[in-house]
Every structure is written in structure tokens, then in C-alpha cells.
Amino acid sequence: EKIVWTRQGDPAIFTSSPPEIVFCLGTPPEQPMYPEAVVLTYLLAENKADITDPAMILPGSLDQVRAVVPVGTNRVVTMAYPGTASVTGSGATAVSQMIVETVIENSQGRSTVKWLLQEQRPTAAEKTTRWRILSAEKG
């Protein structure tokens with residue numbers, strides 16, 4: 001997290017910028033690969049009302065996610081994930097899912113949100129495993 005403090009006047013009065021998270025390459029990635037990066041990219045999006053990109057949220061999941069985490073998330077306080085995925089199905093139908101938990105702060109206060117992400121398996125065209133938001137719930 002990055003906060004910039006600016007000194008103003010005499011006697012010294014300091015004001016701070018809003019907290020922000022700094023990504024290595026500047027802005028959040030367009031195609032986040034790791035589960036926590038997908039959640040963070042969603043939370044830091046300038047206008048979540050415009051997010052329809054299946055690169056972050058599985059089709060059919062957007063309205064449910066918006067209902068839990070509406071536009072206006074100001075700060076990500078903590079983020080945790082177990083680093084292990086649960087697998088359902090077998091062989092070609094196996095699907096991995098993982099939970100990422102965040103504590104966020106906005107104008108309504110602080111809340112914990114559990115995000116369920118689902119693996120998008122590699123294909124002939126897309127050779128990288130990616131994770132997408134399947135649902136979110138307050139918890």
C-alpha cells in the first residue's frame with residue numbers, strides 16, 4: 001500500500017493521499033493470472049459498473065458479485081488465500097476452485113468478503129491457466 005504525505009504551511013500540517021496499491025508494472029493487469037490478482041484488479045477497477053470482461057468474472061456471475069461488492073470500494077485492508085485449490089470432477093471435466101478472502105473498507109465501513117474463483121483451464125489457443133471470479137459473499 002502506498003500513501004503520499006504532503007507538508008502544507010507553517011506550522012507543519014500534513015495531508016495524505018488516498019491509499020493505493022502499487023503493481024509492479026504500474027496499473028492492474030488486463031489479464032490477471034493469479035487468484036488474488038483477479039480479485040485485486042476487480043476491487044481496484046475505476047468503475048466496476050463497466051466490468052463485464054470474462055477475463056475476470058465468469059459469465060453470469062457479474063450481477064451477484066456487484067450485489068456483494070458494489071461500486072465504491074475504497075481500500076483493500078487485507079487479502080489472504082490458502083494457496084491450495086479444491087478439485088471437482090475428473091479427467092477432462094476436472095475443475096479447480098479456490099477461495100480468496102479480503103477485508104475491504106468503503107463508505108459503509110469495513111467488511112470481509114470471501115471470493116470463489118474457478119480455474120479456466122488451458123486451451124490450444126490460450127496455453128495459460130487463469131482464474132476467474134465465480135461468486136462473492138460477505139462473511
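A nonpolar core is a set of buried Ala, Val, Leu, Ile, Met, Phe, Trp, Tyr and Cys residues joined through side-chain atoms within 4.5 Å. Keep that in mind as you click around, and remember that this is a predicted model.

**Stop 1: the core**

Start by selecting Tyr 42, Leu 43, Val 69, Trp 115, Leu 117 and Ile 133. These are the residues with the most contacts inside the largest nonpolar core, which has 21 residues.

Helix 1 (35-44), helix 2 (62-68), strand 5, strand 6 and strand 7 (130-138) each bring at least two residues to it. Which element gives the most to this core? That's helix 1, with 5 residues.

**Stop 2: Ile 133**

Next, centre the view on Ile 133 and show what surrounds it. Leaving aside residues up to four places away in sequence, Ile 133 touches a list of residues that includes Val 38, Val 39 and Tyr 42.

**Stop 3: the salt bridges**

Select Glu 105 and Arg 75 for one of them: their closest N and O atoms are 3.7 Å apart. This pair links distant parts of the chain, with Glu 105 in strand 5 (residues 95-106) and Arg 75 in strand 3 (residues 75-80), 30 residues apart. Glu 105 has 25% relative accessibility, so it counts as partly exposed. Arg 75 counts as partly exposed too, because its value is 27%.

Is Arg 110 buried or exposed? With 52% relative accessibility, Arg 110 counts as exposed. Show Arg 75, Glu 105 and Arg 110 together, and you have one network, joined by salt bridges that share partners.

**Stop 4: Lys 114 and Glu 101**

For the last stop, select Lys 114 and Glu 101, a salt bridge whose closest N and O atoms are 4.0 Å apart. Lys 114 sits in strand 6 (residues 109-120) and Glu 101 in strand 5, so the pair ties together parts that are 13 residues apart in sequence. Lys 114, at 34% relative accessibility, counts as partly exposed, and so does Glu 101, at 32%.

Notes
Residues numbered from 1 in each chain as written. Predicted model: local features only at pLDDT ≥ 70, side-chain atom pairs only at ≥ 80, totals over all residues. Heavy atoms only, no water. Salt bridge = Lys/Arg side-chain N within 4 Å of Asp/Glu carboxyl O. Helix = DSSP H or I, 4+ residues; strand = E, 2+ residues; numbered from the N terminus. Buried < 20%, exposed > 50% of the residue type's maximum accessible area, 1.4 Å probe, protein only. Contact = heavy atoms within 4.5 Å.
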